[in-house]
Structures are given as C-alpha cells and as structure tokens.
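Keep the sequence and the 3D view open while reading.

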Amino acid sequence: MSIPAFGVGTFRLKDQVVIDSVRNALDLGYRAVDTAQIYGNEAQVGQALAESGVARDALFVTTKIWTDNYSQAKLIPSLQDSLKKLRTDYVDLTLIHWPAPGSGVELEEFMGALAQAKAQGLTRHIGISNFNIELTRQAIAAVGAGEIATNQIELSPYLQNRQLTAFLAEQGLRTTSYMTLAYGKVLKDAVLAEIAAKHEATVAQVALAWALQLGYAVIPSSTRRENLASNLKARELQLDADDMARIAQLERNGREVNPEGLAPVWD
C-alpha cells in the first residue's frame, strides 16, 4: 500500500489561490494532492487537476470525510459528492478527518461505512487522521490492520509524537505528517537554521527532510511557486545522525491544532 512520500496540501487555500497552488505544484512535478470536505475547496482542486493534463492514474488524490457525514446514511453520499467536485470516479485515499468523540456516531459505524466506500470502488485506500493510540487500535479492530493506509497527524520538530508514531510503525501503518513547519514557527528556529546553513538548504527543507528520513509522508502547502519548488528539494537533502539528534532535542509538545469536541485525548 504505497502512500506517496511527498504531496501538496490545500488547507486554508480557497478559490483561485488553491487552483493556482495545485496547478503550480503539478507543473513542478508533485503528483499527490491532499484536500478535505471541510476545506471547501474540492471543486477548485478538481478544476486544477482536470486542467493540468496529468493523467488520472498518475495522480494520488486524498480527501477527508467531515464529522457531519460520519453516519452510515451520510458517509458514502458525501464521498460521492466529493468525487463530483473533484471531477473523478474515485479518490486514492479517504480519511476520517477527526475521531470527534462528541459526534454521536460510533467509531465502528463510520469505519464500517468507510470500508464499504472502498468496497464500492469510490476510494482505493482508507485511513484515519488525528487518532491517538487507543482510537487507532479501535479502528484497526473495526476494519482490520491491513485496511488502514495511514494516520495523518500533526507532526513537526516541536511536536514529535514519538509514542504514537512508534505504535503506528509497529502496526504497519504509514504516518503522514501535517503542519510539519508548525504554522511557520520552526522557520525561525536557531538550531534548524544552523543545520540549514551547514547543508546550504532552507529551514523548511530541513524540517521536511527530517520527517521524510523518519519515514513519514509530508504534505506541505504554499501559495508561492518558488516555495513549492524549494520544498520539493527536501527529498534530496540527507541529514546526518548529528542533525537528527539535534532536531530530536527540539521536542516541546508544541501542538498547534487541538479543536475541542473533535480531538481525542492525546498520547
């Protein structure tokens, strides 16, 4: 089950801004695009994909089901609506966006509906996002370990989530890192700046290379073509053991995203 290591994110990007971002990313060689129902930009992402000229089977498109659509009655129709907006017959990966313990829908119900969506060919792979260890265990129990492609979680040099990522690796689940630059906060970090200078790289490239070397997939976003191009070069940056050890020391439980009612109790 191959999740591309490098994709482009679209969180907070709307209208022509997201069209331009995705178009530029695809033109630069990105082939994985991450969106979500709640982002309100699936139609614009779909337009950019359709107009790119890139063959559908060369793309890896991810969307996420919003909490309002978790019930057995709503999940598949909501995904069908996402497919129409994205101008595709299927997506490559569909995630449950948040565990949302207060949603009133049991985990077994929404994981079961997600598995049905896969069985119907609406999505090639299924997965979870923002799940802690215990909820990941429950998701695995609901659909089987081999069925869950990834857990997409907030990760950055300031939030390294070692317990959860170790558990995911034990279970054979790929970790996808979002917010790898911590809303840009890591870009001002003195240690990362020293490592970047040593490698003649940017701080963003160092943070992304750190995540890639730990085996995580990354989905950074940018509205600027030059930053999209620069981020992609993180794939070529090899950090040494000393670099990785120094970055490991930056852990500070620096969580940026923790919405009440949606987030679990974090490990």
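A residue counts as buried when its relative accessible area is under 20%. By that cut-off, seven of the seven residues of strand S6 (residues 148-154) are buried, so the strand is mostly covered. The model is a predicted one.

- Eight strands make up an open sheet, and their pairing is parallel.
- The strand order is S1-S2-S3-S4-S5-S6-S7-S8.
- S1 and strand S8 (217-218) are the edge strands, each pairing on one side only.

**S6 and strand S5**
- Strand S5 (residues 123-129) runs parallel to S6, and three bridges join the two.
- Opposite Ile 128 stands Asn 151 of S6.
- Between S5 and S6 the chain passes through helix H5 (residues 133-143).
- This β-α-β crossover is right-handed.

- Thr 150 has Arg 174 in S7 as its bridge partner.
- Thr 176 stands opposite Ala 217 in S8.

**Helix H1**
- Helix H1 (residues 15-28) is 14 residues in length.
- From first C-alpha to last, H1 reaches 20 Å, close to the 20 Å expected at 1.5 Å a residue.
- Its buried residues are Val 18, Ile 19, Ser 21, Val 22, Asn 24, Ala 25 and Leu 26.
- Two strands are among the packing partners of these buried residues: strand S1 (8-9) and strand S2 (32-34).
- The buried residues of H1 also pack against helix H2 (42-52) and helix H9 (225-232).

**The largest pocket**
- Which residues lie nearest the centre of the largest pocket? They are Phe 11, Met 179, Tyr 183, Pro 220 and Ser 221.
- In total, 37 residues line this pocket.
- The space in the largest pocket is about 820 Å³.
- Helix H8 (203-213) and H9 are the elements that give two or more residues to its lining.
- H9 gives the most, with three residues.

Technical notes. Residues numbered from 1 in each chain as written. Predicted model: local features only at pLDDT ≥ 70, side-chain atom pairs only at ≥ 80, totals over all residues. Heavy atoms only, no water. Helix = DSSP H or I, 4+ residues; strand = E, 2+ residues; numbered from the N terminus. Expected span 1.5 Å × (residues − 1). Buried < 20%, exposed > 50% of the residue type's maximum accessible area, 1.4 Å probe, protein only. Contact = heavy atoms within 4.5 Å. Pairing = 2+ DSSP bridges. Right-handed = clockwise from strand over helix to strand, strands pointing away. 1 Å grid on protein atoms, 1.4 Å probe; cavity = no way out; pocket = protein on both sides within 12 Å on 5 of 7 lines; lining within 4 Å. Points joined across faces, edges and corners; volume = space filled by probe spheres on them.
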